[in-house]
Amino acid sequence: MSASVNACRFLAAIGFCLISTLAQAAGLRSIDIPADADGPAIHGMVWYPCAEPPGEIRIDIFVLPGVKNCPLAGDHLPLIAASHGRRASLLGNRDTAEALADNGFVVAAINHPGDTALDPGRSGDLSVFVERPTDIKRLIDFMIGTSPFAARIDQDRIGFFGFSRGGYTGLVLLGANPDWTGAATNYCRRGQSLFCQQILGRTYPSQPLTHDPRIKAAVLADPLAIFFSAESLAPLKAPVQLWASERGGDGVLPHDVGAVEANLPARHEYRVVPNAGHFAFFLCPPALVKERPELCADAPGFDRGAFHAEFNADVLAFFRKWLIPTAE
């Protein structure tokens, strides 16, 4: 029996099942946010409810179940803005986006300029950390402003999903201000990265980064939290579902995520995934398993596919609770 079916049966026992069926498919459409005074052009993709039978869409090494440019099904839909990790892409958490879209959410993900697999030129620069929250604010502005989806989105029901640096992005959007002179400086005394050199050289921004109070709930998976102190997190008010891998990786240490949990003043859920490494939150396509085994290998006994079935069900349940209250 599949992990999806097991998860579905469990959720059905408490009143609802959030796992999509083969009769549904996510619609997919590319978006392009034009350059403006706040930043460069940004490429993105939207997953959304679609009533047509599923097909396959191939994008590079990825095969996505869905229907390209399917007519949007539904109205007054909640929006989830999504942010990827370091040198990754908008397809990093595609299965979570698919699950949300199959259950009535519009999910918009972007490639953060300068910090993607194909455009990593500024990945080590502090400017990326400054610009990432602004990128997501611009994405939300576009989705509820001039995008083809705008009239069908409920502007009072906006959520956020972020993994790794995307989790950092979410903390800032929710109101956290990096503690450049304290937490960040202390961390960087042990680091050699370019952004640490900039922090130690005091070339960090003097003003708070972009916050967005339109975000009503957020899921943060293994967030990069090295820049935050307890005081940084004090302004957060929106409910958070926080996930941590037990093993960590890629600069994200379990005790750093645990410190976020300990200092979150807002209502939150906390999940530590046993035996999981940092990249467990990402599903590898077959081609990547051979090309980048360090991203795709797990500890003995850890089943990444089964974990994602549970993870997606929990993410769906959280967003339903806070963005679709009538679904409780």
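User: In this predicted model, what is the bridge partner of leucine 79 in β6?

Analyst: The partner is valine 106.

User: What makes β5 and β6 a pair?

Analyst: Pairing takes at least two bridges. β5 and β6 have four bridges, so they pair, and the sense is parallel.

User: How do you know that β2 and β6 pair, and in which sense?

Analyst: Strand β2 (residues 42-50) and β6 share four bridges. The cut-off is at least two, so they count as paired. The sense is antiparallel. In β6, alanine 108 is the bridge partner of valine 46.

User: Why is β6 called largely enclosed?

Analyst: Strand β6 spans residues 106-110, and five of the five are buried, so the rest of the structure largely encloses it. Val106, Ala108 and Ile110 point one way, while Val107 and Ala109 point the other way. All of these are buried.

User: Which strands stand at the edges of the sheet, and why?

Analyst: The open sheet has ten strands, in the order β3-β4-β1-β2-β6-β5-β7-β8-β9-β10, with mixed pairing. β3 and β10 (268-273) are the edges because each has a single partner strand, so one side of each lacks a neighbour in the sheet. From one strand to the next, the twist averages 30 degrees.

User: How many bridges join β3 to β4?

Analyst: Five bridges join strand β3 (residues 55-59) to strand β4 (residues 62-68). The two strands run antiparallel. Glycine 55 has glycine 66 in β4 as its bridge partner. β3 and β4 form a hairpin, with two residues between them. In the turn, aspartate 60 has a positive phi of about 55 degrees.

User: What makes β7 and β8 a pair?

Analyst: Strand β7 (residues 153-163) and β8 have six bridges. At least two are needed, so they pair, in the parallel sense. Phenylalanine 163 has alanine 221 in β8 as its bridge partner.

User: Why is α2 called oblique to α11?

Analyst: Helix α2 (residues 94-102) and helix α11 (residues 304-323) pack at about 45 degrees, with axes 10 Å apart. That angle makes α2 oblique to α11, because angles under 35 degrees count as roughly parallel and 65 to 115 as roughly perpendicular. The crossing is right-handed.

User: Which residues of α2 meet α11?

Analyst: Asp95, Thr96, Ala99 and Leu100 in α2 do. They meet His308, Phe311, Asn312, Val315, Leu316 and Phe319 in α11. By class, this contact has six nonpolar, three polar and one charged residues.

User: Why is α4 called largely enclosed?

Analyst: Helix α4 (residues 165-173) has nine of nine residues buried, so the rest of the structure largely encloses it. Among them are Arg165, Tyr168 and Leu173. Glycine 175 follows α4 and has a positive phi, near 130 degrees.

User: Why does proline 223 count as buried?

Analyst: Its relative accessibility is 1%. Buried means under 20%, so proline 223 counts as buried. Proline 223 is found in the loop between β8 (215-221) and α7 (230-233).

User: What does proline 223 contact, leaving aside its neighbours within four places in sequence?

Analyst: Its contacts include Ser164, Gly167, Tyr168 and Leu171. Trp243 and Val257 are also among them.

User: How far apart in space are proline 223 and serine 206?

Analyst: They are 23 Å apart, C-alpha to C-alpha. In sequence they are 17 residues apart.

Note on methods:
Residues are numbered from 1 along each chain as its sequence is written. This is a predicted model: local features need pLDDT of at least 70, side-chain atom pairs count only at pLDDT 80 or more; totals for chains, interfaces and linings use all residues. Side-chain values use heavy atoms; hydrogens and water are left out. Axes are lines fitted to C-alpha atoms, for helices over the stretch in contact, and angles run from 0 to 180 degrees between N-to-C directions. Angles under 35 degrees count as roughly parallel, over 145 as roughly antiparallel, 65 to 115 as roughly perpendicular and the rest as oblique. A crossing is left-handed if the near helix is turned anticlockwise from the far one by less than a right angle, and right-handed if clockwise. Contact means heavy atoms within 4.5 Å. Ala, Val, Leu, Ile, Met, Phe, Trp, Tyr, Cys and Pro count as nonpolar, Asp, Glu, Lys and Arg as charged, and the others, Gly among them, as polar. Buried means under 20% relative accessible area, exposed over 50%, partly exposed in between (1.4 Å probe, protein chains only).
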